[in-house]
Amino acid sequence: MILKDNSFTNLTHWAFKSLIKMKKIIVTGGSGFIGSNLVNFLIKKNFYVINLDKLTYSSNKYKNKLRSKKNYKLIKLDIINRNKVIKIIRKYNPDVIFNLAAETHVDRSIDGPENFIRTNINGTFSILEALRLLNKKKISPKLVHISTDEVYGDIKTNLRSNENHKYEPSSPYSASKASADHLVKSYIRTYKLRAVISNCCNNYGPYQFPEKLIPKIISNIFNNKELPIYAKGKNSREWIHVEDHCEALFKLYLKGKNGQSYNVGSGVNLNNIDLVKKILKICKTMKIKIGKKTKIKFVKDRPGHDFRYALDSKKILRNLKWKPKIKFEVGLRNTIIWYLKNQNFLKTILKKNYEKRLGLKI
Ligand code: NAD
Ligand code: DAU
């Protein structure tokens with residue numbers, strides 16, 4: 001439910017008091033894939049969550065019972081609007097801001113980098129400036145800035161990148177994320193901003209937009225379509241269930257040391273062809289009908305395609321005692337079941353936004 005700004009006024013005295021007492025958390029990009037899962041996670045933990053989201057093509061318009069809770073508020077906002085960001089932070093005085101708002105699809109960044117520069121770099125800058133100015137007025141929520149493993153670029157087989165690995169982004173998307181990380185680090189050092197950065201690997205789970213590999217393959221299986229694999233499918237990604245990522249982000253809020261970056265990985269690497277075969281196999285064991293057109297099809301490679309990402313996540317394991325709980329096989333199976341039970345999720349998304357091959361306009 002989208003609560004109006006004066007929503008507090010309709011509550012009983014008791015309900016009003018308990019809402020006022022709740023700790024407030026701002027999540028930017030809380031209508032996206034990871035954001036939706038994080039907002040649900042925080043609502044269940046009884047925080048008052050304020051979601052600032054521009055509601056772009058990748059935002060989730062699907063039903064979600066939790067969203068009708070009194071401790072949730074959605075504000076449609078472009079994070080680049082610094083004055084509004086400042087006003088909202090002043091009004092709610094949150095304990096923490098999780099910054100997830102971003103343009104996130106590598107193929108789209110190849111076709112049109114501008115939006116990525118705008119939201120991922122200038123949008124993060126807007127939040128940092130808001131925090132810098134408010135800091136002077138003694139309003140200083142912690143910032144948990146959500147970055148990615150892609151900032152480290154291609155990682156050689158047998159190596160894993162730790163937090164000190166050099167930044168070597170390959171796509172406009174990863175370069176924009178790397179730039180944002182540098183800005184956050186500079187604000188930490190220069191203005192003593194209270195902030196941590198997470199660098200996470202590929203997420204999978206409920207509510208992921210079907211332009212990304214796993215939901216695309218699941219959706220194509222359900223709809224008797226070919227399964228496109230870039231090049232020969234040997235590129236490797238490390239996969240984590242989105243709920244494990246949310247737990248890690250929560251740990252970073254509670255215990256992450258200001259000024260530090262933390263890799264968040266599962267250690268589970270798979271190449272794309274093996275992953276797609278695994279999804280097909282699980283679907284077969286679940287007696288999902290595999291149509292005649294559902295066949296693996298090797299298609300033209302992504303320009304600049306990173307061959308492998310792999311994180312060394314010892315720091316968060318050791319220092320914050322976080323570790324992923326969801327086994328890949330179990331998480332993947334449950335994800336397929338979720339998409340099966342929630343086929344209307346895919347129906348809320350315009351086909352033109354995910355069926356066309358992107359990223360070849362070079
Ligand atoms: P997503 O594309 O599903 O969601 C992004 C959300 O941000 C959308 O709801 C969108 O409306 C919102 N948004 C975009 N521009 C905005 C703006 N200018 N102002 C306010 N809101 C805006 O993305 P996701 O996969 O959930 O990723 C969330 C974050 O996690 C991103 O920062 C991404 O770089 C990072 N990340 C993602 C993964 C992954 O595997 N999906 C892995 C590591 C890190
Ligand atoms: O590593 C974290 C990153 O993971 C996040 O920062 C990004 O926001 C997120 O989009 C994701 O990036 P990838 O490029 O790794 O994800 P994508 O799902 O687009 O692709 C995963 C792999 O699958 C990659 O090697 C390209 C390949 N692929 C992708 C699609 C969509 C295919 O072979 N076929 C496809 O149709």
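Modeller: Let us begin with the sheet, an open one of 7 strands in the order E3-E2-E1-E4-E5-E6-E10, with parallel pairing. The edge strands are E3 (72–76) and E10 (261–264), each of which pairs on one side only. Neighbouring strands of this sheet are turned by 20° against each other on average, with direction ignored. As for the basis of all this, the model is predicted, and local features need pLDDT of at least 70, side-chain atom pairs count only at pLDDT 80 or more, while totals for chains, interfaces and linings use all residues. Residues are numbered from 1 along each chain as its sequence is written, chains are lettered from A and ligands numbered from 1 in the order in which they are written, and side-chain values use heavy atoms, with hydrogens and water left out.

Biologist: What do the strand labels and the word pairing stand for?

Modeller: Helices (H or I, at least four residues) and strands (E, at least two) are DSSP runs, numbered from the N terminus, and two strands pair if DSSP finds at least two bridges between them. Here, E1 (residues 24–28) and E2 (residues 48–53) pair in the parallel sense over 5 bridges. Within that pair, Ile26 has Ile50 in E2 as its bridge partner, and Thr28 stands opposite Leu52 in E2.

Biologist: Which strands does E5 pair with in the parallel sense?

Modeller: E4 pairs with E5 over 4 bridges, and E5 pairs with E6 (residues 195–200) over 6 bridges.

Biologist: How many of the residues in E2 and E5 are buried?

Modeller: Buried means under 20% relative accessible area, exposed over 50%, and partly exposed in between, with a 1.4 Å probe and protein chains only. By that reading E2 is mostly covered, with 6 of its 6 residues buried; Tyr48, Ile50 and Leu52 point one way, whereas Val49, Asn51 and Asp53 point the other way. E5 is likewise mostly covered, with 7 of its 7 residues buried. On one side of E5 are Lys142, Val144, Ile146 and Thr148, and on the other are Leu143, His145 and Ser147, and all are buried.

Biologist: Which helices lie against the strands, and how should I read their angles?

Modeller: Axes are lines fitted to C-alpha atoms, for helices over the stretch in contact, and angles run from 0 to 180 degrees between N-to-C directions; contact means heavy atoms within 4.5 Å. Helix H2 (residues 33–44) packs on the sheet, touching E1, E2, E3 and E4 (96–99), and its direction makes about 170° with that of E1. Helix H5 (residues 114–135) lies across E1, E4 and E5 (142–148), running at about 165° to E5.

Biologist: How do helices H7 and H9 pack against each other?

Modeller: H7 (residues 213–222) and H9 (residues 272–285) pack at an angle of about 40°, with their axes 11 Å apart. That makes H7 oblique to H9, given that angles under 35 degrees count as roughly parallel, over 145 as roughly antiparallel, 65 to 115 as roughly perpendicular and the rest as oblique. Leu213, Ile214, Ile217, Ile218 and Ile221 in H7 meet Asn272, Leu275, Val276, Ile279, Leu280 and Cys283 in H9.
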